Amino acid sequence: MPASAPRKRRGFLAPALWIPAGLGLGLLLLPLLALVLKAPWAQLPALLAQPSIASSLGLSLLTGVESTLISLVLGIPLALVLARSAEWPAVPRRLLRALVTVPLVLPPVVGGVSLLLLLGRRGLLGQFLPFQIPFSTAAVVIAQTFVAMPFLVLAVEGAIRASDRRFEIAAATLGASRFTIFRRVTLPLVAPGVAAGALLCFCRALGEFGATITFAGSFPGVTQTLPISTYLQLQGTQPESAYALSLVLMVVSVAVLVSLRDRWVPGATP
Amino acid sequence: MSLTATLEVTRDSFDLDLSLAVSPGRTLALLGPNGAGKSTALGALAGVIDSTGSIALNERRLDGLPVEQRRVGYVFQDYLLFPHLTVLENVAFGPRSVGVAKAAARAMAGQWLERLGVSDLAGRRPAELSGGQAQRVALGRALAASPELLLLDEPLAALDVEVRAEVRDELATHLKAWGGLTIVVTHSFDDVAALADDVVVIEAGRATQRGTVRDLVRAPATNYISRLVANWSED
């Protein structure tokens with residue numbers, strides 16, 4: 001057999017397992033296929049141009065970008081602390097990791113309730129604030145950041161762990177302060193990881209529903225983001241608008257996935 | 001300009017216990033087999049490995065100072081040029097880090113590249129350099145930070161055998177021109193003969209012989225040294 005090189009077996013796959021595997025794949029794929037096939041393609045521009053829809057599109061874009069920016073400013077240092085905590089004793093190290101990971105597994109509605117209890121008018125911190133946060137655009141941004149930031153933190157932490165720490169040592173021997181090392185060596189070296197994390201974070205923020213509707217409500221133009229608007233349209237008289245919005249959200253998600261390609265993606269998905 | 005140090009480091013595989021002295025204008029070689037503690041000694045001098053003992057560099061106590069305040073230049077075995085910066089930016093990194101303005105730092109870096117004969121590489125990325133070129137850039141980067149002590153860790157080990165002799169001669173020339181305190185770690189007697197004035201042989205964390213290159217050739221103190229010297233021919 002000259003042409004085909006012998007392939008090494010990677011393990012075994014029982015033929016019977018193809019059936020549940022195929023069903024599982026179908027469950028994941030067919031709903032999206034239905035959305036693409038049933039979407040009102042011809043009316044799409046008109047549907048998306050409706051004032052209420054356009055305003056939720058704009059609001060989602062704005063709050064998504066703001067949440068991502070806040071996540072970058074707070075999340076990159078947090079990722080660095082997490083990456084460096086490898087040298088800490090086990091208890092604080094595991095606690096820190098658990099705290100960062102909690103929003104990934106927490107039901108978003110619980111996140112929303114918790115935010116209300118912290119920042120609500122009679123909340124732990126909220127009672128001392130001279131202004132009201134819940135049911136404002138700021139509340140949308142806070143809820144989205146709460147849910148989405150861990151994605152950025154874990155992506156950046158992975159990139160930092162994978163990068164060669166000796167470059168930082170080389171920078172130190174050249175007289176660079178800790179902050180200079182962070183700014184001019186560590187951060188540029190993990191830039192691809194930061195970009196991947198920011199995209200994931202934005203994607204998750206864009207899709208946020210539970211924490212947002214709980215903590216921020218659904219006021220048109222103020223807190224009614226794309227997913228909330230989609231849900232309300234589906235309940236109302238014009239389900240076609242919901243289909244159109246869903247299509248937009250799906251296209252954005254697929255675009256993010258394609259742009260990340262093989263890059264490492266944290267275990268949990270939105 | 002001189003260095004006196006006693007270095008004590010406890011590692012899993014061995015204990016390093018070493019005293020070193022480098023006189024003004026001389027280059028010291030730390031010679032020894034792999035795993036003898038040579039690189040550990042360099043790390044301790046630079047402050048990247050914790051050690052007890054004392055280090056005095058030109059009346060300055062270095063022990064206890066963080067890496068970035070020691071002014072000890074370090075040329076790593078695999079150079080560790082910053083991959084996201086150009087050659088010029090790599091060399092300007094040291095001056096920039098201590099507050100020199102961007103334009104002035106770049107001008108200083110340009111002068112170093114010229115002195116080392118690699119001005120034409122200024123705009124390249126480290127990935128586009130040959131081993132010999134990368135070594136010169138790494139030397140320039142270390143020297144541009146105006147160190148009071150220069151450490152070279154196996155400076156020729158990462159190079160192909162064919163170019164090693166040529167790069168070694170160039171390195172000797174550049175080190176002589178620089179004229180500062182230098183310690184070079186190597187396991188090759190060729191490197192010692194070409195680069196160093198004095199030698200400390202380290203075996204299993206301890207100094208087994210000290211002297212000039214000539215002393216070693218004339219009266220090798222251990223089997224390891226006599227084997228090295230026997231395989232080496234002065235041409």
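In chain A of this predicted model, the contact I would start with is the one in which A:F167, A:E168, A:A171 and A:A172 of helix α7(A) meet A:I181, A:V185, A:T186 and A:L189 of helix α8(A). By class, that contact has six nonpolar residues, one polar and one charged. As for the geometry, α7(A) covers residues 166–173 and α8(A) covers residues 178–189, and their axes come within 10 Å and cross at roughly 155 degrees. Since angles over 145 degrees count as roughly antiparallel, the two helices α7(A) and α8(A) are therefore roughly antiparallel to each other, and their crossing is right-handed.

Let me turn to chain B, where helix α2, residues 87–97, packs with helix α4, residues 131–144, at an angle of about 25 degrees, the axes being 7 Å apart. That makes α2(B) roughly parallel to α4(B), and here the crossing is right-handed. On the α2(B) side the contact involves B:V87, B:N90, B:V91, B:F93, B:G94 and B:P95, which meet B:V137, B:G140, B:R141 and B:A144 in α4(B); these residues divide into six nonpolar, three polar and one charged.

If we leave aside residues up to four places away in sequence, B:G110 touches B:L88 and B:A122.

Terms used. Residues are numbered from 1 along each chain as its sequence is written. Chains are lettered from A and ligands numbered from 1 in the order in which they are written. This is a predicted model: local features need pLDDT of at least 70, side-chain atom pairs count only at pLDDT 80 or more; totals for chains, interfaces and linings use all residues. Axes are lines fitted to C-alpha atoms, for helices over the stretch in contact, and angles run from 0 to 180 degrees between N-to-C directions. Helices (H or I, at least four residues) and strands (E, at least two) are DSSP runs, numbered from the N terminus. Angles under 35 degrees count as roughly parallel, over 145 as roughly antiparallel, 65 to 115 as roughly perpendicular and the rest as oblique. A crossing is left-handed if the near helix is turned anticlockwise from the far one by less than a right angle, and right-handed if clockwise. Two residues are in contact if their C-beta atoms, placed from the backbone, lie within 7 Å. Ala, Val, Leu, Ile, Met, Phe, Trp, Tyr, Cys and Pro count as nonpolar, Asp, Glu, Lys and Arg as charged, and the others, Gly among them, as polar.
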